[in-house]
There are 4 protein chains.
Amino acid sequence: MNTDRRTKTPVALLGATGAVGQRFVSLLADHPWFELSALVLRPARQVSPLAEACRWILEPMPENVAGIDFSSSEEIPECRLIFSALGADVAGPLETRLAEAGRFVVSNARSHRMDSRVPLVVPEVNPDHLDLVAAQEWEGGLATNPNCSTIGLVLALKPLADAFGLRRVQVVTLQALSGAGLGGPSALSMTDNLVPVIPGEEEKLERETGKILGVLSPGRDAVEPHGAVVSAQCTRVPVLEGHTECISVELERDAETAEVIEALAAFRAAPQELLLPTAPERPLEVLAEEDRPQPRLDRNRGAGMTCSVGRVRPCGVLGHKLVALSHNTVRGAAGGSVLLAELAVARGAVEGVAAPRAA
Amino acid sequence: MNTDRRTKTPVALLGATGAVGQRFVSLLADHPWFELSALVLRPARQVSPLAEACRWILEPMPENVAGIDFSSSEEIPECRLIFSALGADVAGPLETRLAEAGRFVVSNARSHRMDSRVPLVVPEVNPDHLDLVAAQEWEGGLATNPNCSTIGLVLALKPLADAFGLRRVQVVTLQALSGAGLGGPSALSMTDNLVPVIPGEEEKLERETGKILGVLSPGRDAVEPHGAVVSAQCTRVPVLEGHTECISVELERDAETAEVIEALAAFRAAPQELLLPTAPERPLEVLAEEDRPQPRLDRNRGAGMTCSVGRVRPCGVLGHKLVALSHNTVRGAAGGSVLLAELAVARGAVEGVAAPRAA
Amino acid sequence: MNTDRRTKTPVALLGATGAVGQRFVSLLADHPWFELSALVLRPARQVSPLAEACRWILEPMPENVAGIDFSSSEEIPECRLIFSALGADVAGPLETRLAEAGRFVVSNARSHRMDSRVPLVVPEVNPDHLDLVAAQEWEGGLATNPNCSTIGLVLALKPLADAFGLRRVQVVTLQALSGAGLGGPSALSMTDNLVPVIPGEEEKLERETGKILGVLSPGRDAVEPHGAVVSAQCTRVPVLEGHTECISVELERDAETAEVIEALAAFRAAPQELLLPTAPERPLEVLAEEDRPQPRLDRNRGAGMTCSVGRVRPCGVLGHKLVALSHNTVRGAAGGSVLLAELAVARGAVEGVAAPRAA
Amino acid sequence: MNTDRRTKTPVALLGATGAVGQRFVSLLADHPWFELSALVLRPARQVSPLAEACRWILEPMPENVAGIDFSSSEEIPECRLIFSALGADVAGPLETRLAEAGRFVVSNARSHRMDSRVPLVVPEVNPDHLDLVAAQEWEGGLATNPNCSTIGLVLALKPLADAFGLRRVQVVTLQALSGAGLGGPSALSMTDNLVPVIPGEEEKLERETGKILGVLSPGRDAVEPHGAVVSAQCTRVPVLEGHTECISVELERDAETAEVIEALAAFRAAPQELLLPTAPERPLEVLAEEDRPQPRLDRNRGAGMTCSVGRVRPCGVLGHKLVALSHNTVRGAAGGSVLLAELAVARGAVEGVAAPRAA
């Protein structure tokens, strides 16, 4: 499966100790194109082995990660491609600085997502938005991954928007604990309980969806947001991984339930056509059982990159309703970023890095 | 608090061993008007003490329950008022037979809820629907309590419908385990998981809401359902008690968020005016904290009879959204039925049973 | 129930915002002897109402707590009796200073538990150890409550030690989340999981048990520890409240299982004889059902002050084994301290404070 | 990895729908020696695909399982080796009948475990007990796998018994939900709770341990049980998979903690020497971190076949104590049986079935 190590592209990772950082490490540990060659941690965390620098929760830890060098953000080793799993508090200026210095940064942080010249990309949904990178003033580039709850939503909406037009969307999310990171809510607060808010999440879901589904016209240096109105209610539930979303949509054109299902099930896009290594065979999988998708049973479909959809049925208010589930730290974060980097490489957006022929 | 035992009205309970039946026993064990004088169980379950007849989960069991007589459904002792916590599989014909035999049945079962001459009542919402009893062909009477998830919804909707008119409602429920009864989902299936369906629940929510908010015109023998369209998505989450509902509403008239909050917070109705013993001081309590209501922290407000509301805010799609929480086995089942019986007595609907003057 | 407010003894509480502090507030809110008249919080936390100073988890908050004054530790209002729910990091020196200044401190902190002149008391087990206070060099006094897991253990061991002599004890604890406080383990770390260690807990259990079961001979100024060897293994499990302990004991004299059960069930002690307000009718309750005690079903027996015992049976290695359960923040912390203060008052150990005659 | 399909040994599986049966299917779906060629289900369950015959909980289901034939127990296709994941209620007579008919049955059921001529084997602990098969009166043979909680215990005890002699053992188990099967305890009973008993489990643990650690002298037709006394307390905790055991041992010879750790860490046995396909590299892994092993983080070590050990330290009562964790449906059930079958084949105990040379 692996390409020869000598031909792999060296990559660095900013932040490797959190719930998302650990997923990056796992996904990059055996990646066919990329070689994880530097972990950029705060000095206090530069402890080897990595498991001692953090509370590793994705047992077992990949063995070949042990020997990776630590570096500070001041002296990241030579590599064109850099992934960022930093918190938004530190990500913004550092990512800008790296892009200025000629690096191509693929970030999971929210800092630059809504910047007009920064593409916010779900590879199956708006791969062409990567063209925005050409309009960036930096020597390098910067592309971002949306919020974890946005990704499942736009994956489910995209084929419907294409086939039937999209007018209005209601979504209630039941989000997993890992989305709050390692320092998330206490067990004392979440046992026999749920919390009906995730601060800032609803706004992110509502705004990011518009940008991702929007149009980047040729020659323009900003995305025209999609006109659909999105209203979100976000809750935290005692589930480890996997965000469940109860979605209602109003389409522009009439559609039978069977047509909606067909559009969802048939969805394939650039990552599948390009055979990108992290692309799932099916970005969406429509489940027939009435009681699915369920987080524990379905979050790992397509190695965590497939968004599962179920219960597609009529909605008396908006027309159609359905339930979508996606793995929030894989598809919704690290896996989404890795797939985005693969897409950027495959499209030639990362200067000096070419996709192996095998792909 | 207790009225003299000699002046209390004797009542019987059909089904006392399930999650709802146990709540009935607890609520009736020390009731000021009613004296629980017979437990109607299947012969196989007629084991004393009651705790041995079932898996008692509401520790501690009320002490004065130990001496209550068991009886079979063939020979229920003389008492006008009968509560039914039976499953729908056996409730229907038995309840009809008892009403024919002159008993007044207050039922939590779904069997007769949608029968045109059977009132489906939430005491604060549609107390006048009890007048339907007069149109029943039986010597006795039958009134029903809605589904547990319906009750929280209609309590929150009622003041909005009254103040602003109600056009469309979207609701996603996050329902507690106790709603599935003692034989509900296994721990193996619900740990680190949730289930995005509760069979039949969405239809019940959508239909019952229309009947409860509907109009019973004088002299008519059926309720005219409210015209608002309701669309529901129901999920089961790993919470013991307390149904959380994420609601979006489209009102007929424009309203500021502050006005919506004011209408909810000011809501009082017949049970409060009549000082019914089980009526909470406030049927709705609007919580100001952004992260409330939460099931474990808020389900017991008003001794489980207050529906907590929070996060009232604008909705880009329908206009307003909010989160409601109600205790599903108290307000949503046994407590709702007991309050309904109190209301029926107070309105003189139960022949031969009068409310104590103290109330 | 309440004694007249004018005749109640004013008390202050050090620390009221944590899991144990909140229990103190709840237990003192309506106490027949004590009037909670000052909350000693760090200045940053002196926010009214109290619910805004902390994350209140014991809904509903007692209403009469709203008006209680805050004070800093520098200027605690005049009151003889002070409860301490502080963390061990700050408790030690402050408690000493208060005792020097003439206050009688009843502390749940571990700072002074093993000091030779400080009594470590479970009121039913070693009430006479309170005599140590007379040997203290301070103008006031200081008495302490053991660790939460110790209390359940010594309650179960005491009648066995008295009746049969106690030689060796093995205990494995399955401890609740609230024992780790509000800032305890994350839900991400405890869902579908348990942790096989509680740092420092095993040593506390092993040492404190010896001191509590030990002998304070007349005229001596230190307790002679009991000679029984105790070996503990402590684990944290995803349970909100209630520590379960699997105990094996080697007795000095042969005993039948029935005799062991009889000794446990018959246990009554000074708090019961003195009719102390917080004393449960039965300090130990032996449950006959094979699958009890269970934390959620049994922790609230005796308003959380009764330790439930079950599964008393022969042990092939040490002779006898059993399971004990006690509510860790009530009996094992705040309730234990309140009962201890009542005992101290009843024994005349708190200068200037007398027990009401009603008791 | 796979041997050619034509050269694989066809095997049948009795019971494939339960928690253990599903593990068997997963482990046999891609086994290098064995080809799962028949699923013996009750006629009512013979529904294709298998996922519809049961509630499949080990997502994703192996794809190549879809085409496997169902058969009834009356007409099991020709194959020498049969695995049994049946419940003890039906396993006993059927397994005997199959052994009489010339099949070699490897059973996870408890029915025949304590039969004197039936070996009860943990491959790393007592591989030689398989010689008992030669003493069986049947044309075929029968070997059994111990109870899930026994396996982790004897793996940890074996190197200690060998190195230092074993006198007495105390064990408290914290067992996972999957051990109770798909129809195990309800979520309503296990949320915020644990149950301090598993009926029959303690006796199994105590008796099976003696047989497994016992001696089968050459020419004898029964095992002489080990003389160590074992006392067990078993509890059920809200964990999906992975039994945690808190163990105290009294050894015959003095040993330092470091020696005990060394003996555990160095443990290798027949399955490792024979390079059996399901054998983990290390049957025991000693973890250095104070808070390990933890079920969710450590149960999958060695693909679920490694028993993790931690917290090895002195015990004041018996001498040494430690915590062991093993995956109850892999190492403790299906994986243990598959490894046992591999061992039986490698030792030539299954007539007509030879181990591939590759092994």
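## A tour of the chain contacts and salt bridges

Select B:Asp192 and A:Arg299: their side chains meet in a salt bridge, 2.7 Å from N to O. The term salt bridge stands for a side-chain nitrogen of Lys or Arg within 4 Å of a carboxyl oxygen of Asp or Glu.

Before moving on, note that this is a predicted model, where local features need pLDDT of at least 70, side-chain atom pairs count only at pLDDT 80 or more, and totals for chains, interfaces and linings use all residues. Residues are numbered from 1 along each chain as its sequence is written, chains are lettered from A and ligands numbered from 1 in the order in which they are written, and side-chain values use heavy atoms, with hydrogens and water left out.

**Stop 1: chain B against chain A**

Show both chains. The contact (heavy atoms within 4.5 Å) takes 51 residues from chain B and 51 residues from chain A. Together the two chains bury about 3,800 Å², with 52% of that on carbon and sulfur atoms. Buried area here is the accessible area (1.4 Å probe) that two parts lose on being put together, summed over both.

Now pick out B:Asp192, B:Gln233 and B:Val317. In chain B, these lose the most area to chain A, together 18% of what that side buries.

Next, count the links. Between chain B and chain A there are 8 salt bridges. There are also 32 residue pairs in polar contact, both residues at pLDDT 80 or more. A polar contact is a pair of N or O atoms within 3.5 Å; within protein, one must be able to donate a hydrogen and the other to accept it, and residues adjacent in sequence count only if both atoms are side-chain atoms.

Color chain B by secondary structure. Helices (H or I, at least four residues) and strands (E, at least two) are DSSP runs, numbered from the N terminus. Among the elements of chain B that give two or more residues to the side touching chain A are strand 7 (166–175), helix 6 (201–212), strand 8 (229–236) and strand 12 (319–326). Strand 8 of chain B gives the most, with 7 residues. By class, this side of chain B has 27 nonpolar, 11 polar and 13 charged residues. In this scheme Ala, Val, Leu, Ile, Met, Phe, Trp, Tyr, Cys and Pro count as nonpolar, Asp, Glu, Lys and Arg as charged, and the others, Gly among them, as polar.

**Stop 2: chain D against chain A**

Switch to chain D. The contact takes 13 residues from chain D and 13 residues from chain A. The area buried between them is about 1,100 Å², and carbon and sulfur atoms give 48% of it. Select D:Arg55, D:Glu59 and D:Leu297: in chain D, they lose the most area to chain A, together 42% of what that side buries.

Chain D and chain A share 2 salt bridges. Zoom in on A:Arg55 and D:Asp291, a salt bridge whose closest N and O atoms are 3.2 Å apart. The side of chain D that touches chain A divides into 4 nonpolar, 2 polar and 7 charged residues.

How is chain D superposed on chain A? A rotation of 180° with 0.0 Å of shift along its axis does it, with RMSD 0.0 Å. That is the relation of a two-fold axis. In chain D, the C-alpha nearest the axis belongs to D:Asp192, 3.3 Å from it. The superposition is by least squares on the C-alpha atoms of residues with pLDDT of at least 70 in both copies. Of the interface residues of chain D, 100% are also interface residues in chain A, so the copies meet through the same surface.

**Stop 3: salt bridges inside the chains**

Over all chains, the structure holds 73 salt bridges. For accessibility, buried means under 20% relative accessible area, exposed over 50%, and partly exposed in between (1.4 Å probe, protein chains only).

- Select C:Arg117 and C:Asp221. Their closest N and O atoms are 3.2 Å apart in a salt bridge. The pair links distant parts of the chain, 104 residues apart. C:Arg117 is partly exposed at 35% relative accessibility, and C:Asp221 is partly exposed at 34%.
- Select C:Lys158 and C:Asp162. This salt bridge spans 3.3 Å, N to O. The two are 4 residues apart in helix 4 (residues 148–164) of chain C, about one helical turn. C:Lys158 counts as buried at 18% relative accessibility.
- Select D:Glu241 and D:Arg23. Their salt bridge has its closest N and O atoms 2.9 Å apart. D:Glu241 lies in the loop between strand 8 (229–236) and strand 9 (243–251) of chain D, and D:Arg23 in helix 1 (residues 19–28) of chain D, so the pair ties together parts that are 218 residues apart in sequence. D:Glu241 is buried at 10%, and D:Arg23 is buried at 17%.

Finish in chain A. Select A:Arg282, A:Glu285, A:Arg292, A:Asp298 and A:Arg301: salt bridges that share partners join them into one network.
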